[in-house]
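Subject: Structure for you to look at

Hi,

Here is the structure I promised to pass on. Please open it and keep it beside you while you read the notes below.

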Amino acid sequence: MEYGDDLKYTDKEFLQWKKVFARWKQKRPKNLDEGFTSAHDSVFNVVDCLNCANCCKTTSPIFRDVDIKRISKRLRMSEMQFESSYLRVDEDRDKVLKTSPCAFLQPDNKCGIYEDRPLACREYPHTNRKRMYQILDLTLKNTEICPAVVRIVKAVTKETI
Ligand code: SF4
Ligand code: SF4
C-alpha cells in the first residue's frame, strides 16, 4: 500500500468514529482489545511501512532515559551530546526529536538505528496493546498520521456505525 491510499476519509466518517469511541469510553465493549488486535494483524499483513514512514516524517517518539542510553552508545556519543544534538523537551516535559522528519530516517524510509530505536517507535501505532479504551483519543488522533490506523479504525467501528 502506498502512503496516502487509505489516509483519505471524510469529516463525516471521522465524526462517526469519534462518537463510537465516546460511547466505548462510557461503556467499554467486551473484546475491545481482541477486536483491535485482530484488525491490527490483518492490516499490517498488507501494509508495508517502508512505502510510508509518515510517522517518522511527521511525529516524534518519546525518548526514555534507557532509549537515550542505548542509542547514544550505538552512535558512540555521550548521552549529553546525543540529547543536545537531537532532542528537546516538549510542553509535557518529554524528550522528543528536535527536527522532523526524524534525523535517523534514511532516504529509503528505513530507520538508521532500527535495532536500537526507541520503544515508542517499536510500539507505534499502539493498536495491538491491552486496555485500548485508555488510548482511544490517541488512536483517533493517529488516523491523521497513519494510514494503517485509518484501516484499523474503519474495521473495528464497522459493525457499530
Ligand atoms: S506505522 Fe503507520 S504511519 Fe508509520 S510507516 Fe507504518 S503505516 Fe506509515
Ligand atoms: S528512530 Fe527510527 S523508527 Fe523512530 S522515528 Fe526515527 S527513523 Fe522512525
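How many Å separate the centres of domain 1 and domain 2, taken over C-alpha atoms? The answer is 25 Å. Keep in mind that this is a predicted model.

The domains first. Domain 1 is made of two stretches, 3-55 and 125-157. Domain 2 covers 62-123.

Next, ligand 2. Among the residues that surround it are Cys-56, Cys-102, Cys-111 and Cys-121. Pro-61, Phe-104, Leu-105, Ile-113, Arg-117 and Pro-118 are there too. This shell counts nine nonpolar residues, no polar and one charged.

Last, a look at one residue, Gln-134. Find it in the loop between helix 6 (119-123) and helix 7 (136-142). Is Gln-134 buried or exposed? Gln-134 counts as exposed, because it has 10 C-beta neighbours inside 10 Å, and the cut-off for exposed is 12 or fewer. Now locate Lys-25. Along the chain, Lys-25 and Gln-134 are 109 residues apart. Their C-alpha atoms are separated by 8.1 Å.

Best wishes

Methods
Residues numbered from 1 in each chain as written. Chains lettered and ligands numbered in written order. Predicted model: local features only at pLDDT ≥ 70, side-chain atom pairs only at ≥ 80, totals over all residues. Domains from an automatic or database assignment. Near = placed C-beta within 6 Å. Nonpolar A, V, L, I, M, F, W, Y, C, P; charged D, E, K, R; others polar. Helix = DSSP H or I, 4+ residues; strand = E, 2+ residues; numbered from the N terminus. Buried ≥ 20, exposed ≤ 12 C-beta atoms within 10 Å, placed from the backbone.
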